[in-house]
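Visitor: Hi, I'd like to talk through this structure with you. Could you show it to me?

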Amino acid sequence: MDFSHYEDTFTKEAAKMGYSSQNIERCLDYAEILLSNYVAVIYNSSHLAGLVGYKKEYLKKAALYTKFFYRDFEILKKNGEKRQISEPLPSLKEIQHWILKNILYKIPVSPFAKAYKPNVSLIENLKFHKNQPKVFTLDLENFFPSISIEYVEKVFFNLGYTKSVSDLLSKLCTRDGTLPQGAPTSPYLSNLIFEDADVAISEYCLKQKIRYTRYADDLSFSGDFDENELLEEVNEAVTKINLKINTSKTKLMTANQRQTVTGIVVNEKVQVVFHKRNELRQAMYYIQKFGIDEHREYKEIDQANYLEHLLGKINFVLQINPKDVEFMQYKSHLIDLKKKRDARNYKTEPLLV
C-alpha cells in the first residue's frame, strides 16, 4: 500500500477512536518504515490476532507452548537415514502461511539461493554447473535445527518491527528455539538468515571465477579452483551463523567422473542419474507388458498411491529434460491408466439415495 494513502486512512480512523495527534504521528512513523519494506504493518499482538483471524490468547499459547502445536513423525531420506519432521497443527500452519505471504516473501533473498523461491525450479540450480572441469559440493549439518530463534527474531526486527512484535513472530515460526523441519516458514527464513554467508561466499567466488549456487543446505561450486582454499572460505562464512559443514558429504568431481549437483548429472547433459532412470524403465517395461496390477502383485508393492508415486518420479525426469520422448511416452501411458482406474472406481461407487 502507498504510504500517503495509508496515512490518510489511518489518521481518520485513529482520530475517530480518540488517538492523540502525538500517538498518531508515532504510529505513522513506525508504519512508514514497514511499508517502505513492503511488509504488513503490525502494531502489537492484538493487531496481529485481528490480521490472522485468531484470538490473541491463541497466539500467545502457540508462542509459549510450542511443542503442543506440532505433530512429530519421521520420513526416510534417500540415503536410508531418517529425518525428523515437526508439522504445525492446521491453525498454526495457517498463521505461518500468513507470515510467509505478507512478510517473508516480500523480502528478496540472494540470487545464489535457488531453493524455496516462488516460481524458481530445480533446473536453476543445475544449469550453472554444466560441463565444468571441477564440481565441488558441500552439505551443511542439521541445517534447520541449527538456526536459532535469535536469528529469526533479527529478520523481523531488521524490517522495522518492534522488539515485542519481532519476539512474537519469531516464536510463532520456531519450535523449542530453532526452525522446525515441517513449518512452511522455515525454508524461506533459512534463505534470509543465510544471506550474509551467501554474500561472503559469492564475493570470494566471483573474484576467483568460481560458479556458486546454494539449494537449501547443498552448496555447489564449479570451475577451475583450489578446493581446499574454497573450503576454508566457506567454513569461515557458515561458522559465523553457527552452521557446520558435514565433512562426510564433501565431494569433489572432476570432468572424467560423473558430476552431480543435488543428485542430478551435470557433465555434458543435465539429467537424472542413470540408475534412477533405469529403475523407472524397468518398472514401465513390466507395467506395459503385464499390466500395473500384475506388476504390483509380482513385486509385492502394497503402496496405495503407487501409480501417482511413479508418475511423480517420471514428472521429475521430465522437469529436468522436458523433451525426453521416452519418458513423455511413459507419462502418457500412466495418465491413461489413471483415467481408466478413476472411471472404473466411479462406476463402482454406490449411489446416494
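Visitor: Is Asn142 buried or exposed?
Guide: Asn142 counts as exposed because its relative accessibility is 56%. Here exposed means over 50% relative accessible area, buried means under 20%, and partly exposed is in between (1.4 Å probe, protein chains only). This is a predicted model, where local features need pLDDT of at least 70 and side-chain atom pairs count only at pLDDT 80 or more, while totals for chains, interfaces and linings use all residues. Residues are numbered from 1 along each chain as its sequence is written, and side-chain values use heavy atoms, with hydrogens and water left out.

Visitor: Where does Asn142 lie?
Guide: Asn142 lies in the loop between β3 (134-139) and α7 (149-159). Helices (H or I, at least four residues) and strands (E, at least two) are DSSP runs, numbered from the N terminus. The phi of Asn142 is near 40°, a positive value in a residue other than glycine.

Visitor: And what is phi for Lys209?
Guide: For Lys209, phi is near 60°, which is again a positive value in a residue other than glycine. Lys209 lies in the loop between α10 (195-208) and β4 (211-215). Lys209 counts as exposed because its relative accessibility is 74%.

Visitor: Switching to the inside: how many residues are in the largest nonpolar core?
Guide: The largest nonpolar core has 70 residues. Such a core is a set of buried Ala, Val, Leu, Ile, Met, Phe, Trp, Tyr and Cys residues joined through side-chain atoms within 4.5 Å. Those with the most contacts inside it include Ile99, Tyr161 and Phe221.

Visitor: Which helix gives the most to this core?
Guide: That is helix α2 (residues 21-36), with seven residues.

Visitor: What is Phe221 in contact with?
Guide: Leaving aside neighbours within four places in sequence, the contacts of Phe221 (heavy atoms within 4.5 Å) include His129, Val135, Phe136, Leu138, Ile201, Tyr212 and Leu230.

Visitor: What does the second core include?
Guide: The second core is separate and has 27 residues, including Val261, Ala283, Ile292 and Leu307.

Visitor: Why do such side chains sit together?
Guide: In soluble globular proteins, nonpolar side chains tend to be buried together.

Visitor: Now the whole chain: how many helices and strands?
Guide: The protein chain has 15 helices and nine strands. Of its 353 residues, 42% count as buried. The C-alpha atoms fill a box of roughly 80 × 75 × 35 Å, taken along the principal axes.
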